[in-house]
Amino acid sequence: QVQLVESGGGLVQAGGSLRLSCAASGRTFSTRNMGWFRQAPGKEREFVAAMSSGGGVYYEDSVKGRFTISRDNAKNTVFLQMNSLKPEDTAVYYCAAEVQVVARTANYWGKGTLVTVSS
């Protein structure tokens, strides 16, 4: 079992930045593919970014060049640095563990943190 706790969401103006953090429980964090998904109001949850245990990174097209995923295996934490935020980035952001990038899904989920971008 893996428990994931997100933090760092909030209200920001368009063009601003936020950094999300996700603390994970368990001893095998470094071996797990970690990632972020988001769900906007009235929409389905969508893949945002992932980082494999080997350091490979994957991004949804709309966030490439603006978002950066990283991880600190010593602290069992994964981050999502979000720059140049747009109103359409408004969503609940979910941390995920054991991400399957091709399938755009994961085995473990956090409860989410709300990001609101005002225009």
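Does arginine 38 count as buried or exposed, and at what relative accessibility? In this predicted model, arginine 38 counts as buried, at 5% relative accessibility.

View 1. Glutamate 46 is partly exposed, with a relative accessible area of 31%.

**View 2. Arginine 66 and aspartate 89 joined by a salt bridge.** Their side chains meet at 2.7 Å, N to O. Arginine 66 lies in the loop between strand 6 (57-59) and strand 7, and aspartate 89 in the loop between strand 8 and strand 9, so the pair ties together parts 23 residues apart in sequence. Arginine 66 counts as buried at 9% relative accessibility, and aspartate 89 is buried with a relative accessible area of 1%. Arg38, Glu46, Arg66 and Asp89 are linked in a network of salt bridges.

**View 3. Strand 8 and its paired strands.** Five of the six residues of strand 8 (residues 77-82) are buried, so this strand is largely enclosed by the rest of the structure. Strand 3 (residues 18-24) pairs with strand 8 in the antiparallel sense over six bridges; serine 21 has phenylalanine 79 as its bridge partner. Strand 7 (residues 67-72) also runs antiparallel to strand 8, joined by six bridges, with phenylalanine 67 opposite methionine 82.

**View 4. The hairpin of strand 7 and strand 8.** Four residues lie between the strands, and asparagine 76 takes a positive phi near 50°.

Technical notes. Residues are numbered from 1 along each chain as its sequence is written. This is a predicted model: local features need pLDDT of at least 70, side-chain atom pairs count only at pLDDT 80 or more; totals for chains, interfaces and linings use all residues. Side-chain values use heavy atoms; hydrogens and water are left out. Buried means under 20% relative accessible area, exposed over 50%, partly exposed in between (1.4 Å probe, protein chains only). Helices (H or I, at least four residues) and strands (E, at least two) are DSSP runs, numbered from the N terminus. Two strands pair if DSSP finds at least two bridges between them. A salt bridge is a side-chain nitrogen of Lys or Arg within 4 Å of a carboxyl oxygen of Asp or Glu.
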